[in-house]
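Me: I'd like to learn how to read salt bridges in a model. Can you walk me through it?

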Amino acid sequence: GQRLRLKEAAPRPSGQRVRGEAGQRPCRVICGDHGVTVRVVSAWHRRNNTLDDMVEETLGMVDYVFRVGGEGGEGVISTGEMLSLALARSGFEIYTFRTYPAEIKGGHANYQVRASGRLLLSSGAAVDVLLAFNQEAYEKHVHDVRSGGILLYDTDSFTPVTTDTLTAYGVPLSSLATEKVGVKLTKNIVALGVLAELFDIPRA
């Protein structure tokens, strides 16, 4: 699949505008009243600089929709929040929404992030990248993934139906978390690492 080429930017405090260095953009973080929608509104920091023009052109070409799905308590929401923060710090506009289960623990949860180099006014028409922690998440959301989209799933949890319309990456997220970190619940961090590698998202 096509790889995002993201440029790392300095952290941006909530509610404040931050003047970026060369090749970066100022940004203001705005949280929805009910904590459901988070948008990052960035203004172009224009200079007569060839590097800045190249960065602006590259960012403007990017428009991806990521969706994370799994069981409540697996770190679905925190995965989406960390992914949103990484994309925002990279200078992208983001538009997100999340769905919580009714149960305190358990039940299906999902988090969607749209990232683009242009001003966003909607959550997007189709999913480009689906991260499924379990079978239920796969079954609920796979039909929303565009043809040619990417599926990242936990091979320790399920095996999806083979499809020729998606690029699938099966990773033993649970096993890696248990063996390398010692805590199975950290599989969401392992998944973030895989996304960072696939799409060149800055890790810092």
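Me: How many salt bridges does the count come to here?

Reply: General idea first: side chains of opposite charge can pair when their charged atoms come close. The rule asks for a side-chain nitrogen of Lys or Arg within 4 Å of a carboxyl oxygen of Asp or Glu, and by it the count is seven salt bridges. Bear in mind that this is a predicted model, where local features need pLDDT of at least 70, side-chain atom pairs count only at pLDDT 80 or more, and totals for chains, interfaces and linings use all residues. Residues are numbered from 1 along each chain as its sequence is written, and side-chain values use heavy atoms, with hydrogens and water left out.

Me: Which parts does the salt bridge of Arg 98 and Glu 81 tie together?

Reply: Those side chains meet at 2.9 Å, N to O. Arg 98 sits in strand E4 (residues 93-99) and Glu 81 in helix H2 (residues 76-89), so the pair ties together parts 17 residues apart in sequence. Helices (H or I, at least four residues) and strands (E, at least two) are DSSP runs, numbered from the N terminus.

Me: And is Lys 187 buried or exposed?

Reply: Buried means under 20% relative accessible area, exposed over 50%, partly exposed in between (1.4 Å probe, protein chains only). Lys 187 counts as buried at 5%. Its salt-bridge partner at 3.5 Å, N to O, is Asp 154, which is buried too, at 0%.

Me: Which residues do shared partners join into one network?

Reply: Asp 63, Arg 114 and Arg 118. Within it, Arg 118 and Asp 63 meet at 3.2 Å, N to O.
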